[in-house]
Amino acid sequence: MSDYPTSFSKEDLLKCAAGELFGPGNAQLPAPPMLMMDRITEISGDGGAHGKGHVLAEFDITPDLWFFDCHFPGNPIMPGCLGLDGLWQLTGFNLGWRGWLGRGYALGVGEVKLTGMVRPDRKMLTYKIDFTKAIQTRRLTMGVADGIVEADGEVIYQVKDMKVALSES
């Protein structure tokens, strides 16, 4: 499937953000502070609930994270859209990890449920992504996945039919 490892450190993720992991013009993670994970603990192209690939990743929460000061002053909460973006980032990362070429971009999400919050006293977010489709044709490279975000083991975000594509143009 892939010549890449099945787990990645923060240093590896920063190399991906710099365009050094999958090569120039291919899937890239955003640089900090928009990089929404600290490590990928598992990745596959044939694992997960549907046998089509999965990603498990973690993000350490500390009270000094940039978004707590501005969202909201006196009532700090991580914006839910950042958790969703972390899921999209990891979905695109999986496509690059498979060796598929092109730059990643989010296409949408079918359903989002936010049932909890990330406050500064949380310690860790865990991202769990299960692919339902992974498509590579001459004209289309796309992943479709479901995902959850847990905060200290409690499910706080759930998404269905999240779509990410790669484009060489």
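The structure is a predicted model, in which local features need pLDDT of at least 70, side-chain atom pairs count only at pLDDT 80 or more, and totals for chains, interfaces and linings use all residues. Residues are numbered from 1 along each chain as its sequence is written, and side-chain values use heavy atoms, with hydrogens and water left out.

The chain contains three helices and six strands; these are DSSP runs numbered from the N terminus, a helix being H or I of at least four residues and a strand E of at least two. Read from the N terminus, the order is α-β-β-α-α-β-β-β-β. The radius of gyration of the chain is 15 Å, close to the 15 Å of the globule rule for 169 residues, so the chain is as compact as a globular protein of that length. This radius is taken over C-alpha atoms, and the rule is 2.2 Å times the number of residues to the power 0.38.

Of the 169 residues, 44% count as buried, meaning under 20% relative accessible area with a 1.4 Å probe, protein chains only. In strand 5 (residues 141-151), ten of the eleven residues are buried, so this strand is largely enclosed by the rest of the structure.

Strand 5 also has two paired neighbours, where pairing requires that DSSP find at least two bridges between the strands. With strand 4 (residues 124-136) it pairs in the antiparallel sense over eleven bridges, and Ile 148 in strand 5 is the bridge partner of Lys 128. Four residues lie between strands 4 and 5 in their hairpin. Strand 5 and strand 6 (residues 154-167) are likewise antiparallel, over ten bridges, with Val 159 in strand 6 as the bridge partner of Gly 147. Their hairpin has two residues between the strands, and Asp 152 in the turn has a positive phi of about 50°.

Technical notes. Buried < 20%, exposed > 50% of the residue type's maximum accessible area, 1.4 Å probe, protein only.
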